[in-house]
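I set down here what I looked up in this structure.

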Amino acid sequence: METLANFINGKYCPPVNQRYIDNMEPATGLVYGQIPNSDADDLELAITAAEMALPAWRELALEQRADILVKIAQGIEDNLDKLALAEAIDNGKPISLAKSIDIPRAASNFKFFAHACSQFASEAHAMTNSAINYTLRQPIGIVGCISPWNLPLYLFTWKIAPALAAGNCVIAKPSEVTPKTAYLLGEICQQAGLPKGVLNILHGTGKNIGSVICAHPKVKAISFTGGTKTGAAIASQVASQFKKLSLELGGKNPALIFADCDFDSTLNEVFRASFANQGQICLCSSRLYIEHSVYDKFKAALVEKAKALIPQDPLLENSKMGAIVSLDHLNKIKHSIEQAKQAGGTILCGGEQVQLTGRCTQGYFLQPTLIENLANDALCNQEEIFGPMITLQPFDNDKQALTLANDSQYGLAATVWTNNLTRAHHFAEQLHTGIVWINCWLLRDLRTPFGGMKHSGLGREGGNEAMRFFTETKNVCIKY
Ligand code: NDP
């Protein structure tokens, strides 16, 4: 049984209150470790450390800052196997996914923002024959980064890397459900020479430490990724302090599949977009709208593929589908499946919990589930479920497809599958989402703005958007 510790002022330390919470392995349903149940006292230690570290970190030459971030990226790469194993145990995701996507991307985040900080430029505005303005973008100070459980190290570093690159000191909290890789990151930062106090990692619940980080007056900006409800609570909590706030929230992403698409590649990519990471990626497609003339053919092919996707121990190298992250989350998805049945939905495949044998007998496994015959206003088509449960609906024409896709409180990402260029542009323009992928899914360029509209968030991350978020903007006007 492993006991994790907070990372404050460059070293690991137990929570001041000596309280811990259990860490579960979703594939076995068993407790396998303990994590600090941190509170305001731990935060005070972290704030003091960050305040001490800030002047030197913000003044450090950009090349030196970049150099340290590159070394952190290298440390992540050097520990690929260890981190991937930790992620698969903590989260239940297939180890092959952690090795090929999660951990390499965490390293890329640091590499990307190491370069971004040395390339980041600001604007100048000349006034004819009288003055020149230039914009300073300065570090904010101490910032808070709070991340969810679905892509633990990937999203944790997606926030921390730009925050550090911009010259801030960071207080970060990973999800209590998946703390292990964030814990391991502390040691990697130590070895990379990150000065003590620049990054402080506190473990614990949203209630006991997450909300305390958000409320602290010395934490000047919050970058949060998680559920829409939590995002709303944080927004109202920090409103009176006028903190900078970036919110990356839930999604209910439509996929629009037209008869003129490349059938085989669309099928493969839509399948991946539906069930990758057990459907627990904010960008996963969960509402499939399929043109009538190809509906039956596409449905049959999708069902065949879903039936062949068997949940397995995520630690097996050939596992393609792992465990649902927690018992609570499994029960939430099962409840949504029941709701779908009661609303008249037809279960095309899946819908049942799976009991594996051996070490995974008590794990949280669920069959990939496809459902049709639900109205667009059914709860399962409107609420984020965040699991391997996908609905299918036919449409007759472009207008109807667009109306159905936009009929949602969420606006994170959409995919469009067509070979009609005019239609592709039209949909790109008309969809109410922050991201539109045409004939692809999750094809990421870290320079691009990332985030959602409506209840899917506020602000954008990625590239210069992130560097701007993590800096304070000041205009300087010089008359001559
Ligand atoms: P939650 O909103 O429950 O939690 C996210 C993080 O916030 C966790 O670290 C959590 O801690 C913490 N937290 C909870 N309550 C508070 C609070 N009052 N103040 C401060 N922090 C708090 O989300 P999940 O972890 O369940 O993640 C799944 C959600 O994340 C889905 O809705 C998904 O769509 C969304 N998401 C969005 C992405 C995007 O880019 N738009 C990307 C990935 C996921 P604790 O673990 O203790 O609850």
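I took contact to mean heavy atoms within 4.5 Å. Helices (H or I, at least four residues) and strands (E, at least two) are DSSP runs, numbered from the N terminus. The model is predicted, so local features need pLDDT of at least 70 and side-chain atom pairs count only at pLDDT 80 or more, while totals for chains, interfaces and linings use all residues. Residues are numbered from 1 along each chain as its sequence is written, and side-chain values use heavy atoms, with hydrogens and water left out.

Entry 1, helix α7. I looked up the buried residues (under 20% relative accessible area; exposed is over 50%, partly exposed in between; 1.4 Å probe, protein chains only). In α7 (residues 206-215) these include I209, G210, I213 and C214. They lie on the same side of α7, because their arc around the axis is only 135°, taken from the directions from the helix axis to the C-beta atoms. Their cover includes α1 (40-59), β8 (142-146), β9 (169-173), β11 (221-225) and α8 (228-239).

I searched the whole structure for disulfides (cysteine sulfur atoms paired within 2.5 Å) and found zero. C261 is in no disulfide, and its nearest cysteine sulfur, that of C440, is 14 Å away. C261 counts as buried at 10% relative accessibility, whereas C477 is partly exposed at 49% relative accessible area.
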